[in-house]
Amino acid sequence: KSTFDFIKVSKTDPPIRDGSAPQLLYCRAGIGYHLQILANGTVGGVHKADANCWVKVFALKRGVVGIKGVESGLYLCLSADGAAQFSEECLLKENLEENLYTTFSSLVHPGIFLALSHRGELRRGNRVGRHQASTHFLPRWSP
């Protein structure tokens, strides 16, 4: 668990309907981690899923999503200086890769990916690519 330069959270709701089902995002890096968004804004990964791991991935348009922590109520944003409100910084491109895992990258900052290290810590998003295991996430609906 750590705070990360490019990943910040926002409390302001986007102008959309929130009808997505809660899910876990499992990253296959290391021993395998579930993405976690804590109420204090810390984002990281834990091996055994808990209440802070449940997220809602909601579509804003084709291939563009937002991620909201169910327990924390915070949105995941990929930006250099954070976002106080839901903004373009919180828009993520969702790509289904050849291995059927999903990658999430910034819509407004090309080349910045959501990634977890082999220890469950966030990796610097501009130092990883879409073919690295640390950027591969699998949605799960049960722990």
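This is a predicted model: local features need pLDDT of at least 70, side-chain atom pairs count only at pLDDT 80 or more; totals for chains, interfaces and linings use all residues.
Student: With which residues is F137 in contact, leaving aside its neighbours within four places in sequence?

Tutor: F137 is among the residues with the most contacts inside the largest core. Once the neighbours within four places in sequence are left aside, the partners of F137 are L25, Y26, C27, L35, Y101, T102, F104, L114 and L116.

Student: Is C27 buried or exposed?

Tutor: A residue counts as buried under 20% relative accessible area. The relative accessible area of C27 is 0%, so C27 is buried.

Student: What is the handedness of the disulfide that joins C77 to C90?

Tutor: A search of the whole structure finds 1 disulfide. This bond joins C77 to C90, with an S to S distance of 1.9 Å. The pair links distant parts of the chain, since C77 is in strand β7 and C90 in the loop between β7 and β8 (92–96), 13 residues apart. The torsion about the S-S bond of C77 and C90 is about 60°, so the disulfide is right-handed.

Student: Are C77 and C90 buried or exposed?

Tutor: The relative accessibility of C77 is 0%, so C77 counts as buried. For C90 the relative accessibility is 0%, and C90 therefore counts as buried.

Student: What is the geometry of the aromatic pair of Y75 and F86?

Tutor: A pair of aromatic rings is described by the distance of the centres and the angle of the planes. The ring centres of Y75 and F86 are 5.2 Å apart, and planes over 60 degrees apart count as edge-to-face. Because the planes of Y75 and F86 stand at 75°, the pair is edge-to-face.

Student: Which residues form one aromatic cluster with Y75?

Tutor: Y75 is buried, with a relative accessible area of 3%, and F86 counts as buried at 15% relative accessibility. The residues that form one aromatic cluster with Y75 are F58 and F86.

Student: At what distance from the ring centre of Y26 does the charged end of R140 sit?

Tutor: A charge sits over a ring only if CZ of Arg is within 6 Å of the ring centre, among other conditions. The charged end of R140 sits over the ring of Y26, and its distance from the centre is 5.7 Å.

Conventions: Residues are numbered from 1 along each chain as its sequence is written. Side-chain values use heavy atoms; hydrogens and water are left out. A nonpolar core is a set of buried Ala, Val, Leu, Ile, Met, Phe, Trp, Tyr and Cys residues joined through side-chain atoms within 4.5 Å. Buried means under 20% relative accessible area, exposed over 50%, partly exposed in between (1.4 Å probe, protein chains only). Contact means heavy atoms within 4.5 Å. A disulfide is a pair of cysteine sulfur atoms within 2.5 Å. Helices (H or I, at least four residues) and strands (E, at least two) are DSSP runs, numbered from the N terminus. Rings of Phe, Tyr and Trp (its six-membered ring) pair if their centres lie within 6.5 Å; planes under 30 degrees apart count as stacked, over 60 as edge-to-face and the rest as tilted. A charge sits over a ring if NZ of Lys or CZ of Arg is within 6 Å of the ring centre and within 35 degrees of the ring normal.
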